[in-house]
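I open this entry to record what I looked up in the model.

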Amino acid sequence: MEMILAVFRSRAQALDYIARLGRMGIKASAVSTPREANVGCGISAKLGAFDLAAARRAVSLGNYGAFAGFFRVENRYGRVVVQRIA
């Protein structure tokens, strides 16, 4: 299973970002940041890959200095694989 995470170093900014996505009509939810990402506050925004372009726009519209980046998370044969998305 694959998911896209928007990772933040601030819990408050992560939750504000999720609310912003909701106002834009993008379905997002708060999830625990995988340890393998080696960054963040523990909460990330989970969203669908098809919403990535709009999610990037939402980051640029807000004041999110604690934004660490977008990551693709996959479970491969029981291992969690985390990749930063350029």
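I began with strand β3 (residues 43-47): four of its five residues are buried, so the strand is largely enclosed by the rest of the structure. I count a residue as buried under 20% relative accessible area, as exposed over 50%, and as partly exposed in between (1.4 Å probe, protein chains only). Helices (H or I, at least four residues) and strands (E, at least two) are DSSP runs that I number from the N terminus.

I note that the model is predicted: local features need pLDDT of at least 70, side-chain atom pairs count only at pLDDT 80 or more, and totals for chains, interfaces and linings use all residues. Residues are numbered from 1 along each chain as its sequence is written, and side-chain values use heavy atoms, with hydrogens and water left out.

Which strands pair with β3? I found strand β1 (residues 2-8) antiparallel to β3, joined by four bridges. Strand β2 (residues 28-32) also pairs with β3 in the antiparallel sense, over five bridges. Two strands pair here if DSSP finds at least two bridges between them.

**S44 and K46**

I then compared two residues of the strand. S44 sits in β3 and counts as buried, at 0% relative accessibility. K46 also belongs to β3, but K46 is partly exposed, with a relative accessible area of 28%. In a regular strand the side chains alternate between the two faces of the sheet.

What does S44 touch, leaving out residues up to four places away in sequence? I listed L5, A6, V7, I18, S29, A30, V31 and T33, with contact taken as heavy atoms within 4.5 Å. For K46 I looked up one distance: its C-alpha atom is 14 Å from that of I85, a residue 39 places apart from K46 along the chain.

**T33**

I followed the S44 side chain to T33. The two side chains make a polar contact at 2.5 Å. A polar contact is a pair of N or O atoms within 3.5 Å; within protein, one must be able to donate a hydrogen and the other to accept it, and residues adjacent in sequence count only if both atoms are side-chain atoms.

Is T33 buried or exposed? T33 is buried, with a relative accessible area of 13%, and is found in the loop between β2 and β3. A polar atom of the T33 side chain also lies 3.5 Å from the backbone nitrogen of I43. Beyond four places in sequence, T33 is in contact with V7, V39, G42, I43 and S44.

**The largest pocket**

I turned to empty space next. Rolling a probe the size of a water molecule over the atoms shows where such space is left. The largest pocket holds about 180 Å³. A pocket is an open set of points on a 1 Å grid over the protein atoms alone, with protein on both sides within 12 Å along at least five of seven lines; lining residues have an atom within 4 Å of a point. Grid points are joined across faces, edges and corners, and the volume is the space filled by probe spheres set on the points.

I found 11 lining residues, with K27, S29, K46, L47 and G48 nearest the centre. Strands β1, β2 and β3 each supply at least two residues of the lining. By class, the lining divides into five nonpolar, two polar and four charged residues. Ala, Val, Leu, Ile, Met, Phe, Trp, Tyr, Cys and Pro count as nonpolar, Asp, Glu, Lys and Arg as charged, and the others, Gly among them, as polar.

I checked L52, which lies in helix α2 (residues 52-61). L52 is buried at 13% relative accessible area and, apart from neighbours within four places in sequence, is in contact with I4, L47, F70 and I85.

Strand β4 (residues 67-76) runs antiparallel to strand β5 (residues 79-84), with six bridges joining them. F71 has R84 of β5 as its bridge partner. I noted that β4 and β5 form a hairpin with two residues between them, and that Y77 in the turn has a positive phi of about 55°. Y77 counts as exposed, at 87% relative accessibility.

My last entry is N38, in the loop between β2 and β3. Its phi is near 55°, a positive value in a residue other than glycine, and N38 is exposed at 71% relative accessible area.

Terms used:
On a 1 Å grid over the protein atoms alone, a cavity is a set of points where a 1.4 Å probe fits but cannot get out, and a pocket is an open set with protein on both sides within 12 Å along at least five of seven lines; lining residues have an atom within 4 Å of a point.
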